[in-house]
Amino acid sequence: MDRAVFPPEALAAFAAAYPGAPVRLSHSLTDHPLLTLEALAALAEALPTDSIEYNPGKLPIGIAPEDVPAATLPVTDTIRNIGAAGSWVALKRIEQHPDYAALLHAILGELREVVEPRTGKMMQLEGFVFITSPGGVTPFHFDPEHNILLQVTGSKTMTLFPVEDEEMFSARVHEEFHLGKHHRNLPWSDAFAAKGTPVGLTPGAALHVPVKAPHWVQNGEAPSISLSVTWRSDWSYAEADARAFNHMLRELGMHPASPAAFPAHNTAKALAYRAVRKLKGLRKSA
Ligand SMILES: [Fe+2]
């Protein structure tokens, strides 16, 4: 890439916040040739179908049966017509395409010097592109990855909530999330609203979303393209495995303490869980 993605002040802000705090950043990818609707339609054609999730659009309320289209709009048409389609498209694991892998690695490479001394090696580098019609909403949820969302076209508001506020979600919800036992979307309560911080994102803005910070997203009045760059770390894996170990202890009638926040690394519980998982694996194959 000919110029840096993150200007020096964005890197400084990221360094002051990582890994625990959300922070608004800026980036230089708004006119990147791989992030136009046309390029993304071509990417959608190249990705395996299980890496594409999309809503092919709403039909008018009063449509006559003979006017209902025989086939739903293909994803490429949905992307090209996103302004009018009343739809959303998620292109997942874009690094499966070599050009997008190079872009993802260039972006994350600029963060490595901040990330690795704190949370260990950057692992499982994955990129996602969200293409959304005006007014679209992404429901309340949290994600297991370290994430930076880069707004490329259009605007959206992400409302972020405190990480691991156990008044909002009990330790059990966190444990079940790591064990894949509940739907990604989180139950909403109006009592949470006052804890949220809305962050407006326009083209050229980015947001660091800490691991498992709950959020929901409201799209603005224009079609939106955003790029999410994610990674995992020793620290995030250890927190996840400590949660899973706590779940085992809870099943045995114990009341384990929740994993400690960064800079604690939760190594003992994570190693204990990995040992148990290994033993279980051995028993299965015996
Ligand atoms: Fe998310």
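Two residues count as being in contact, or touching, if their C-beta atoms, placed from the backbone, lie within 7 Å. Axes here are lines fitted to C-alpha atoms, for helices over the stretch in contact, and angles run from 0 to 180 degrees between N-to-C directions. Helices (H or I, at least four residues) and strands (E, at least two) are DSSP runs, numbered from the N terminus. What you're looking at is a predicted model, where local features need pLDDT of at least 70, side-chain atom pairs count only at pLDDT 80 or more, and totals for chains, interfaces and linings use all residues. Residues are numbered from 1 along each chain as its sequence is written.

**View 1. Two domains of the protein chain.** The domain assignment gives domain 1 (8-161 + 196-232) and domain 2 (238-285); bounds like these come from an automatic or database domain assignment. Taken over C-alpha atoms, the centres of domain 1 and domain 2 are separated by 32 Å.

View 2. Helix H1 (residues 8-17) lies across S1 and strand S9 (205-209), and runs at about 160° to S1. Helix H2 (residues 37-46) also packs on the sheet, where it touches S2, strand S3 (88-91) and strand S4 (123-132). The direction of H2 makes about 60° with that of S3. In the loop between H1 and S1 you'll find Pro19, and the peptide bond from Tyr18 to Pro19 is cis, with omega near 0°.

**View 3. The seven-stranded sheet, strand by strand.** This open sheet has the order S1-S9-S6-S11-S4-S3-S2, with antiparallel pairing; two strands pair if DSSP finds at least two bridges between them. At the edges sit strand S1 (23-26) and strand S2 (52-55), each pairing on one side only. On average, neighbouring strands are turned by 20° against each other, direction ignored. Strand S6 (residues 146-153) and strand S11 (residues 224-232) run antiparallel and are joined by seven bridges. Look for Asn147, whose bridge partner in S11 is Thr230.

**View 4. Strand S9, covered on both faces.** A residue is buried if 20 or more other C-beta atoms lie within 10 Å of its own, exposed if 12 or fewer, and partly exposed in between, with C-beta atoms placed from the backbone. Five of the five residues of S9 are buried, so the strand is largely enclosed by the rest of the structure. One side has Ala205, Leu207 and Val209, and the other has Ala206 and His208. S9 is joined to S1, antiparallel, by four bridges, with Ser26 standing opposite Ala205. S9 also pairs with S6 in the antiparallel sense over four bridges, and there Leu149 stands opposite Leu207.

**View 5. The nonpolar cores.** A nonpolar core is a set of buried Ala, Val, Leu, Ile, Met, Phe, Trp, Tyr and Cys residues joined through C-beta atoms within 7 Å. The largest one has 52 residues, and those with the most contacts inside it are Leu40, Leu91, Val129, Ile131, Leu150 and Leu207. Helix H5 (residues 98-109) gives this core its largest share, five residues. Apart from it lies another core, of eight residues, including Trp235, Ala240, Ala242 and Ala270.

**View 6. The four-stranded sheet.** Here the open sheet has the order S5-S10-S7-S8, with antiparallel pairing. Strand S5 (137-141) and strand S8 (197-201) are the edge strands, each pairing on one side only. The twist averages 15° from one strand to the next. S5 and strand S10 (residues 215-219) pair over three bridges in the antiparallel sense, and Thr138 stands opposite Val217 in S10.

View 7. Among the buried residues of helix H8 are Trp235, Glu239, Arg243 and Phe245. Just after H8, Gly253 takes a positive phi of about 90°. Asn266 lies in the loop between H8 and H9; it has a positive phi of about 55° although it is not a glycine. Lys269 is found in helix H9 (residues 267-285). With 22 C-beta neighbours inside 10 Å, Lys269 counts as buried. Lys269 touches Ala242, Phe245 and Pro259, not counting residues up to four places away in sequence.
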